[in-house]
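My entries follow in the order I made them.

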Amino acid sequence: MPKKVKPAGNEKEQSPVPCKQVKVEAAGGPSTLNFESPSGLFESLISPTNIETFFKEFWEQKPLLIQRDDPAVAAYYQSLFRLTDLKSLCSQGIYYGRDVNVCRCVHGKKKVLNKDGKAHFLQLRKDFDQKRATIQFHQPQRFKDELWRIQEKLECYFGSLVGSNVYITPGGSQGLPPHYDDVEVFILQLEGEKHWRLYKPTVALAREYSVEAEARIGTPTHEFTLKPGDLLYFPRGTIHQADTPSGLTHSTHVTISTYQNNSWGDFLLDTISGLVFDTAKEDITLRTGIPRQLLMQVETTTVATRLSGVLRTLADRLESTKELLSSDMKKDFVMHRLPPYYTGDGTELSIPGGKLPRLDSIVSLQFKDHIILTVGPDQDRSDEAQEKMVYIYHSLKNRREIHMMGNEEEIESHGLRFPFSHVDALKQIWNSSAISVKDLKLTTDEEKESLVLSLWTECLIQVI
């Protein structure tokens, strides 16, 4: 069992391009995590801290250190990624920059030691042993099934993308200088030991990555050593640096990160355009032209009063709005996230099974954590009469091998759209464990059957 809990980095995530999916499995002990539900997974990850305590006292506030003296947890963590896994990965094709970085902290600065093209294990090992370089492996969930399984559940739990990087650092060395990140960070110590120093943020809940000079950050607020099975959490903006103590062969840890660009400010920017669009249809104030030559003026302070009045109008409308129009955040999340974890060929995610739904069928939603329902303007029309539509996006057909790799040209959206008149029927399906097709709030039986057939074809519902 975990021994002690203490209030206590994640390095800059890269944006490389995709690679061919490779699977590397490692033998290890049975999972010590609870995969029955997203909340169960997270609670077992931060055990013995409970969820309520974590979000009340630590989340976005201060670090949490969980040190465990549990051989079963240590064995499971060690199975997630090992130094020896690099040999198998290199034999199947990984590339510098895209999949792996080789670097070292020299005089407070990051020195990148990458070669060009494909990475070879012998060269990686040479730089690791002789140059005491850190090997940073990007997004290992693309290759390691158990990390896919963990991160997929965490994406369901947080409702935000969850990325990861593995850092392998030889003894007596440090890979990165002191810095802070724009993500919430969970460190899982997999092999060896890592000495950490955390410092007070210069920018609380930072929105960008930044290296900090030693002279500026002062003395550490926390200093400790992680061992296999230990976990460390700290909020975005926390300045940190870590090194592998001398006398050890190496340290391996995985940094799991989330909540990048997922703030109230981001959500406001995402929804405000739809709110303005809807309000302008009914309020002539928003359709009135701005003063002549306003755009030519150096200062526009004279319009602040007018704009503040407009914002109060929007705030009043927001109070009575039931459907906020999300322009990008919901769709971007579901398009870029991991597909559901599966074993085998995954046909249950792409080929509908079971009975065809009929009017007298009882149906239920499946893969609910991987589906979003949102209301937005008709994307096929741009005229004044643009109508609202209901959009359903899902991640069942997302490609694990390009998760968090920044290759936008290969990202596709998967889903359906319906007239706004279908929104109540869709909410019935969403909010019920099971529902009769004939009870759906639609005008005709044909509409009811067409709706459930469309959802069934996308593998989103099943007949029970």
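**Entry 1**

I began with E16 and strand E17 (residues 388-394), which run antiparallel and are joined by 7 bridges. I took helices (H or I, at least four residues) and strands (E, at least two) as DSSP runs, numbered from the N terminus, and I counted two strands as paired if DSSP finds at least two bridges between them. The model is predicted, so I kept its limits in mind: local features need pLDDT of at least 70, side-chain atom pairs count only at pLDDT 80 or more, and totals for chains, interfaces and linings use all residues. Residues are numbered from 1 along each chain as its sequence is written, and side-chain values use heavy atoms, with hydrogens and water left out.

Along the pair, I found Gly-376 bridged to Met-389 in E17, and Leu-373 opposite Ile-392 in E17. The open sheet has 3 strands in the order E16-E17-E18, with antiparallel pairing. Strand E16 (371-377) and strand E18 (414-419) are the edges; each has a single partner strand, so one side of each lacks a neighbour in the sheet. I noted an average twist of 25° from one strand to the next.

Helix H11 (residues 423-431) packs on this sheet and touches E16, E17 and E18, its direction making about 30° with that of E17. Contact means heavy atoms within 4.5 Å; axes are lines fitted to C-alpha atoms, for helices over the stretch in contact, and angles run from 0 to 180 degrees between N-to-C directions.

Is E16 enclosed or open? I found 6 of the 7 residues of E16 buried, so the strand is largely enclosed by the rest of the structure. Buried means under 20% relative accessible area, exposed over 50%, and partly exposed in between (1.4 Å probe, protein chains only).

**Entry 2: the E19-E15-E20 sheet**

Another open sheet of 3 strands has the order E19-E15-E20, with antiparallel pairing. Strand E19 (435-436) and strand E20 (461-463) stand at its edges with a single partner strand each, so one side of each has no neighbour in the sheet. Strand E15 (residues 362-365) pairs with E20 over 3 bridges in the antiparallel sense, and I found Leu-365 opposite Ile-461 in E20.

**Entry 3: helix H6 and the cores**

Helix H6 (residues 145-158) has 14 residues and reaches 20 Å from its first C-alpha to its last, close to the 20 Å expected at 1.5 Å a residue (1.5 Å times one less than the number of residues). I found 12 of the 14 residues of H6 buried, including Trp-148, Ile-150 and Leu-154. Gly-159 follows H6 and has a positive phi, near 65°.

Which residues touch the most other members of the largest nonpolar core? Of its 49 residues, they are Phe-42, Phe-54, Leu-86, Ile-150, Leu-154, Phe-186 and Leu-188. A nonpolar core is a set of buried Ala, Val, Leu, Ile, Met, Phe, Trp, Tyr and Cys residues joined through side-chain atoms within 4.5 Å. Another core, of 25 residues, lies apart from it, with Phe-418, Trp-430, Leu-451 and Ile-461 among them.

**Entry 4: the cysteines**

I searched the whole structure and found 0 disulfides (pairs of cysteine sulfur atoms within 2.5 Å). The nearest cysteine sulfur to that of Cys-103 belongs to Cys-105, 9.2 Å away. Cys-103 counts as buried at 1% relative accessibility, and Cys-105 counts as buried at 18%.
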